[in-house]
Amino acid sequence: MKELDPLLHSQLRLAIVSLLLSVEEADFVWLKEKTEATSGNLSVQLDKLSEAGYISVRKEIIGKKPRTACSLTRKGRDALDEYVRTLKEYLHME
């Protein structure tokens with residue numbers, strides 16, 4: 001049986017990717033509210049997902065405020081699909 005993707009097996013990273021699946025783009029504040037994560041922990045997990053190529057992160061300044069926007073990449077979408085398929089195998093759903 002295949003191993004679950006350890007990058008997505010983290011509760012917070014799985015939540016981030018799952019949230020990004022349903023939107024074109026999400027900003028840091030929205031993700032923080034939805035996941036109830038601390039700023040520091042969310043930032044670390046976004047970096048890990050970005051380094052893996054699962055999400056893209058765009059930083060910009062709007063007015064005088066920084067804005068971080070994230071979106072799910074094709075690689076991230078494929079990884080989530082594979083994670084779900086593997087989990088279904090573990091649960092004998094496929």
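How many residues does α4 have, and how far does α4 reach from its first C-alpha to its last? Helix α4 has 17 residues and reaches 24 Å, close to the 24 Å expected at 1.5 Å a residue. The expected span is 1.5 Å times one less than the number of residues in the helix. The model is predicted: local features need pLDDT of at least 70, side-chain atom pairs count only at pLDDT 80 or more, and totals for chains, interfaces and linings use all residues. Residues are numbered from 1 along each chain as its sequence is written, and side-chain values use heavy atoms, with hydrogens and water left out. Helices (H or I, at least four residues) and strands (E, at least two) are DSSP runs, numbered from the N terminus.

In α4, the buried residues are Gly76, Ala79, Leu80, Tyr83 and Thr86. Buried means under 20% relative accessible area, exposed over 50%, and partly exposed in between (1.4 Å probe, protein chains only). Down the axis of α4, these residues fall within an arc of 130°, so they line one face of the helix. The arc is taken over the directions from the helix axis to the C-beta atoms. The buried residues of α4 pack against α1 and β3, where contact means heavy atoms within 4.5 Å. Histidine 92 follows α4 and has a positive phi, near 60°.

Helix α2 (residues 28-35) buries Phe28, Leu31 and Thr35. Seen down the axis of α2, they fall within an arc of 65°, so they line one face of the helix. Their cover includes α1 (11-21), β1 (26-27), α3 (39-51) and β3 (65-72). Just after α2, glutamate 36 takes a positive phi of about 60°.

The sheet is open and has 3 strands, in the order β1-β3-β2, with antiparallel pairing. Two strands pair if DSSP finds at least two bridges between them. Both β1 and β2 (55-62) stand at the edges with a single partner strand each, so one side of each is left without a neighbour in the sheet. Between β1 and β3 there are 2 bridges. Aspartate 27 stands opposite alanine 69 in β3. Helix α1 packs on the sheet and touches β1, β2 and β3.

The largest nonpolar core has 21 residues; Leu8, Leu20, Leu46 and Leu49 have the most contacts inside it. Such a core is a set of buried Ala, Val, Leu, Ile, Met, Phe, Trp, Tyr and Cys residues joined through side-chain atoms within 4.5 Å. Helix α1 gives the most to this core, with 4 residues.

Notes. Axes are lines fitted to C-alpha atoms, for helices over the stretch in contact, and angles run from 0 to 180 degrees between N-to-C directions.
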